[in-house]
Amino acid sequence: MTGQGFVVAIPARFAATRLPGKPLRLLAGEPLVLHVARRALAAGAREVWVAADDQRIADALAGSGVRIAMTAPDHPSGSDRLAECATIAGWDEDTIVVNLQGDEPFAPPAGIAAVARLLQRSGAQMSTLAAPIDDVAELFDPNVVKLVQAANGDALYFSRAPIPWPRDAFADSRAALPQDGHWLRHIGIYGYRAGYLRRFAATPPGRLERLESLEQLRALETGARIAVALTPAPFPSGVDTESDLLRAEAYLGGAA
């Protein structure tokens, strides 16, 4: 990165629907949000912020080296929460902000930095990462967000549905992925400049965002570009449910 580098901001909402109190749930004996913060600190950002909605989250991060922005509890998406964080932090319009989800305890620092570099070189309003899908169950899982790219690498669409749909191959069988196909799993990390982040948050959620419950569709629906690159390092799945938390514990145990 050139210039003043980038910042990482982590939206952390205590009242998560599927895993209440998620930021403070323990993983290897420590709060989940602390694991995420350490990944951000290792990525080379000039600042790391956590946009929290509960004082208990701030207390859990005391002494960690991250800054805390206490934000309203009722933001409709993580990006909306980070727009308030941008105001609290006083970032100028050109500050590159990487939105690292608060449930990504295994996010690779190389991937976090790659999002910032992609935004800078692409000239797009947003940047994000993807990884190949190599399992048919993953393609059909609505909790796995799929994306389709244009020839220039920008995102054409994101969906919980299996896209693109190989008509002829799936007419014969849906038991395996066709050999000549190419599918991408969206990794929910975003880069944007603080000015665009504020404009994004000032735009009401559109029809597509409400339909699929995917905030990035607000950007596409209003004509913004989202640059996409393959992640330079594996992004293990995040933690959304109790079973995800158990899987994360097993993953840490295996990596130890």
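**Whole chain first**

Show the surface: the accessible area of the protein is about 11600 Å², and 52% of that belongs to carbon and sulfur atoms (Shrake-Rupley, 1.4 Å probe, with only the protein chains shown counting as cover for residues). Before you click further, note that this is a predicted model, where local features need pLDDT of at least 70, side-chain atom pairs count only at pLDDT 80 or more, and totals for chains, interfaces and linings use all residues. Residues are numbered from 1 along each chain as its sequence is written, and side-chain values use heavy atoms, with hydrogens and water left out.

Switch to cartoon and you'll find 10 helices and 11 strands (DSSP runs numbered from the N terminus: H or I of at least four residues for helices, E of at least two for strands). The radius of gyration is 18 Å, close to the 18 Å from the globule rule for 256 residues, so the protein is as compact as a globular protein of that length (taken over C-alpha atoms; the rule is 2.2 Å times the number of residues to the power 0.38). Along the principal axes, the C-alpha atoms fill a box of roughly 55 × 40 × 35 Å.

Colour by burial next: 52% of the 256 residues count as buried (under 20% relative accessible area, 1.4 Å probe, protein chains only).

**Select 194-201**

This is helix 7, where Ala 194, Gly 195, Tyr 196, Leu 197 and Phe 200 are buried. What covers them?

**Select His 35**

Go to helix 1 (residues 32-41) for His 35. His 35 is buried, at 12% relative accessible area. Its side chain reaches the backbone oxygen of Leu 27 at 2.7 Å. Beyond four places in sequence, His 35 touches Leu 27, Ala 28, Glu 30, Pro 105 and Leu 252 (contact means heavy atoms within 4.5 Å).

**Select Val 239**

Last stop: Val 239 sits in the loop between strand 11 (226-230) and helix 10 (242-255). Buried or exposed? Val 239 is buried, with a relative accessible area of 0%. Leave out neighbours within four places, and its contacts are Leu 19, Lys 22, Leu 32, Asp 103, Pro 105, Asp 244, Leu 245 and Ala 248. Try the distance tool on Arg 18 too: Val 239 and Arg 18 are 221 residues apart in sequence, yet 10.0 Å apart from C-alpha to C-alpha.

Conventions:
Buried means under 20% relative accessible area, exposed over 50%, partly exposed in between (1.4 Å probe, protein chains only). A polar contact is a pair of N or O atoms within 3.5 Å; within protein, one must be able to donate a hydrogen and the other to accept it, and residues adjacent in sequence count only if both atoms are side-chain atoms.
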